[in-house]
Amino acid sequence: WATWCGPCAMSTPHVQQLYEKHKAEGFEVLGVALENDKGEQIPDYVRQMGVTYTVGMADPSDQVRAWIGPQTGIPAVFLVDKKGRIRWSQSGYAPSLEHKLDEAVEAVLRE
């Protein structure tokens, strides 16, 4: 995600809701920002969006961009299980895809 990314701002409330719903079950969210500056906008964004999950910044962002791949846009979501395996991923944002993330999280938590 990034503070300057419109689709990221649209997806943030759902990620926050999902975190609040499942954090007692051990669900964690790590929001890694890909900023074009030193991240000066991050604290205000987090406060304005009501984000309570862990947020950090990729520095340098090239390392994260290499990991997620050049074809992956933001926001990018990776669901990682307790063994460190990527179990589900999504690039970009559409409200119609929110239920797929919900289902994937719930399936991994049931395991």
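Here are some numbered notes on the predicted model shown above.

1. Ground rules before anything else. Residues are numbered from 1 along each chain as its sequence is written, and side-chain values use heavy atoms, leaving out hydrogens and water. As this is a predicted model, local features need pLDDT of at least 70 and side-chain atom pairs count only at pLDDT 80 or more, while totals for chains, interfaces and linings use all residues.

2. Start with the overall layout.

3. Next, burial and surface. The protein has 111 residues, of which 33% count as buried (under 20% relative accessible area; exposed is over 50%, and partly exposed is in between, with a 1.4 Å probe and protein chains only).

4. Have a look at E35, in the loop between β1 (30-33) and α2 (42-49). Is E35 buried or exposed? Its relative accessible area is 6%, so E35 is buried. The E35 side chain makes a polar contact with the side chain of T3, at 2.5 Å. Such a contact is a pair of N or O atoms within 3.5 Å; within protein, one must be able to donate a hydrogen and the other to accept it, and residues adjacent in sequence count only if both atoms are side-chain atoms. Leaving aside residues up to four places away in sequence, E35 touches A2, T3, W4, Q41, I42 and M57.

5. Now the cysteines. The whole structure holds one disulfide (a pair of cysteine sulfur atoms within 2.5 Å), and the bond joins C5 to C8 with an S to S distance of 2.4 Å. The torsion about the S-S bond of C5 and C8 is about 75°, so this disulfide is right-handed. Both C5 and C8 are buried.

6. Finally, A104, which lies in helix α4 (residues 98-110). A104 counts as buried because its relative accessibility is 13%. Not counting residues up to four places away in sequence, A104 touches L79 and W88. A104 and S89 are 15 residues apart in sequence, with 9.4 Å from C-alpha to C-alpha.

Definitions and conventions. Helices (H or I, at least four residues) and strands (E, at least two) are DSSP runs, numbered from the N terminus. Contact means heavy atoms within 4.5 Å.
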